[in-house]
Amino acid sequence: VQLQASGGGSVQAGGSLRLSCVASGRTFSSYAMGWFRQAPGKEREFVAAVSDSGSSTYGMGSLEGRFTISRDNARNMIYLQMSTLRPEDTAIYFCAADPFVSTYTESYDYWGQGTLVTVSS
């Protein structure tokens with residue numbers, strides 16, 4: 001599975017962005033998908049995940065519901081809708097795929113190249 005994330009950019013605090021990730025391959029619907037982020041000088045952390053069917057989603061609790069993950073298996077796409085963005089959300093955001101849904105970075109076998117999100121105060 002090859003992944004390519006897009007949609008990052010610069011936004012002011014309180015704004016919104018939608019990240020997208022397109023996957024290659026005909027077995028996309030067999031993979032759970034996740035979003036992770038890595039801020040400068042910090043470890044990569046879990047943001048959100050969605051099961052292969054899209055019926056179950058998981059999010060990092062500290063996000064307080066500001067981010068929503070979704071997927072469109074017909075288009076081989078996943079999305080991360082981010083709202084009420086804060087400067088501390090500034091990071092490179094990565095999409096990842098694995099046969100089993102997980103909140104652990106180490107569980108994911110396939111990674112996209114990342115897209116930078118910068119939130120200014």
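Visitor: How do I read accessibility here: is Arg75 buried or exposed?

Guide: Buried means under 20% relative accessible area, exposed over 50%, and partly exposed in between, with a 1.4 Å probe and protein chains only. Arg75 has a relative accessible area of 59%, so this residue is exposed. This is a predicted model, in which local features need pLDDT of at least 70 and side-chain atom pairs count only at pLDDT 80 or more, while totals for chains, interfaces and linings use all residues. Residues are numbered from 1 along each chain as its sequence is written, and side-chain values use heavy atoms, with hydrogens and water left out.

Visitor: Which residue forms a salt bridge with Arg75?

Guide: The term requires a side-chain nitrogen of Lys or Arg within 4 Å of a carboxyl oxygen of Asp or Glu. For Arg75 the partner is Asp72, with the closest N and O atoms 3.3 Å apart. Asp72 is partly exposed because its relative accessibility is 24%.

Visitor: How many salt bridges does this rule give?

Guide: The count is five. One of them joins the side chains of Arg86 and Glu64, at 2.7 Å from N to O. This pair links distant parts of the chain, 22 residues apart: Arg86 lies in the loop between strand S8 (77–82) and strand S9 (91–98), and Glu64 in the loop between strand S6 (57–59) and strand S7 (67–72). Strands (E, at least two residues) are DSSP runs numbered from the N terminus. Arg86 has 26% relative accessible area and is therefore partly exposed, whereas Glu64, at 55%, is exposed.

Visitor: Which residues are linked in a network of salt bridges?

Guide: The network consists of Arg37, Glu45, Arg66 and Asp89. Within this group, the side chains of Arg37 and Glu45 meet at 2.7 Å, N to O. Arg37 is at 8% relative accessibility, so it counts as buried; Glu45, at 31%, counts as partly exposed.

Visitor: In what order do the four strands of the open sheet run?

Guide: Strands of a sheet pair through backbone hydrogen bonds, either parallel or antiparallel. Pairing requires that DSSP finds at least two bridges between two strands. Here the order is S1-S3-S8-S7, with antiparallel pairing. Strand S1 (3–6) and S7 are the edge strands, each pairing on one side only. Neighbouring strands of this sheet are turned by 15° against each other on average, direction ignored. The axes are lines fitted to C-alpha atoms, and angles run from 0 to 180 degrees between N-to-C directions.

Visitor: Over how many bridges do S1 and S3 pair?

Guide: S1 and strand S3 (residues 17–23) pair over four bridges, in the antiparallel sense. Leu3 stands opposite Ala23 in S3.
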